[in-house]
Amino acid sequence: QRLQGQDNSDLSERGIQQARRFVGFAKALKPQRAVSSDLGRTRQTAEIIGHGDCPADARLRELDMGEWTGRIKADLIAQHVAHAFEADECGVSSWDRPADRLLTRGYWPAHRIDEHEPSFDLAGYPETRRVLETQAIATIDALDPAADAAEAALLRRDGQRSLVMIPLVAKGETVGLVELCFVGSLHLEAR
């Protein structure tokens, strides 16, 4: 999801569907007056729910996100985690269990995301699978002959040496993975 802030964009298809589902609720409220912000997506919402003629007020705009406007939330999380651990790169993925793969949700530095697949199958990556299934943190050194061969090969391909895989756990269930990559040997001292 992108941070919209005060970006004057139209409603996404998802936003249109949400507004349509809200129509019955809005009618049941029987508001005496409706007001929206002056942004395009809020004007669209007002139109969909039957209040297209309501006044617009710029004071109702969302929070101004500044330089974060338009940025993907997961990319910002990856950037923060990478900076906290002084990693050269950081990926945030979700675990698609039915398809047995990881889906990349965020990456830092952002310009490197195009060099990576949007998803990768877990077949052939036993250490990644172990991290997800056991909720244990793992480290990989591409120079270690005992390291997971597939992970070590990816590190070498991308010009990295070390990797830390941290499972993302919510309510006791693994939902994804954070991967911290380092050009040099592993160093983990959070600032």
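A salt bridge here is a side-chain nitrogen of Lys or Arg within 4 Å of a carboxyl oxygen of Asp or Glu. With that in hand, a search of the whole structure turns up 10 salt bridges. Side chains of opposite charge can pair when their charged atoms come close.

A quick word on what you're looking at. This is a predicted model, where local features need pLDDT of at least 70 and side-chain atom pairs count only at pLDDT 80 or more, while totals for chains, interfaces and linings use all residues. Residues are numbered from 1 along each chain as its sequence is written, and side-chain values use heavy atoms, with hydrogens and water left out.

**The overall picture**

The protein chain holds five helices and six strands (DSSP runs numbered from the N terminus: H or I of at least four residues for helices, E of at least two for strands). Reading from the N terminus, the order is α-α-α-β-β-β-α-β-α-β-β. The radius of gyration is 22 Å, well over the 16 Å that the globule rule gives for 191 residues, so the chain is more spread out than a compact globule. That radius is taken over C-alpha atoms, and the rule is 2.2 Å times the number of residues to the power 0.38. Along the principal axes, the C-alpha atoms fill a box of roughly 70 × 35 × 25 Å.

As for burial, 37% of the 191 residues count as buried (under 20% relative accessible area; exposed is over 50%, and partly exposed is in between, with a 1.4 Å probe and protein chains only). Take contacts, meaning heavy atoms within 4.5 Å: among those between residues at least 6 apart in sequence, 50% join residues at least 24 apart.

On the charge side, there are 24 positive and 30 negative side chains, and the centres of the two sets lie 9 Å apart. Lys and Arg count as positive and Asp and Glu as negative, leaving out His and the chain ends; each charge is placed at NZ of Lys, CZ of Arg, CG of Asp or CD of Glu.

| Pair | Closest N to O |
|---|---|
| arginine 97 and glutamate 173 | 3.8 Å |
| arginine 129 and aspartate 100 | 2.8 Å |

Aspartate 38 sits in the loop between α1 (13-29) and α2 (40-48), and arginine 61 in the loop between α2 and α3 (73-84), so the pair ties together parts that are 23 residues apart in sequence. Aspartate 38 is partly exposed at 30% relative accessibility, and arginine 61 is partly exposed at 33%.

Next, arginine 97 bridges to glutamate 173. Arginine 97 comes in at 40% relative accessibility, partly exposed; glutamate 173, at 43%, is partly exposed.

Then there's arginine 129 with aspartate 100. Arginine 129 is in helix α4 (residues 126-134) and aspartate 100 in the loop between β1 and β2, 29 residues apart. Asp100, Arg129 and Glu133 are linked in a network of salt bridges.

**A look at valine 169**

Valine 169 belongs to strand β5 (residues 162-170) and is partly exposed at 42% relative accessibility. Setting aside neighbours within four places in sequence, valine 169 touches Gln135 and Thr174. Valine 169 and leucine 132 are 37 residues apart in sequence, with their C-alpha atoms 9.0 Å apart in space.
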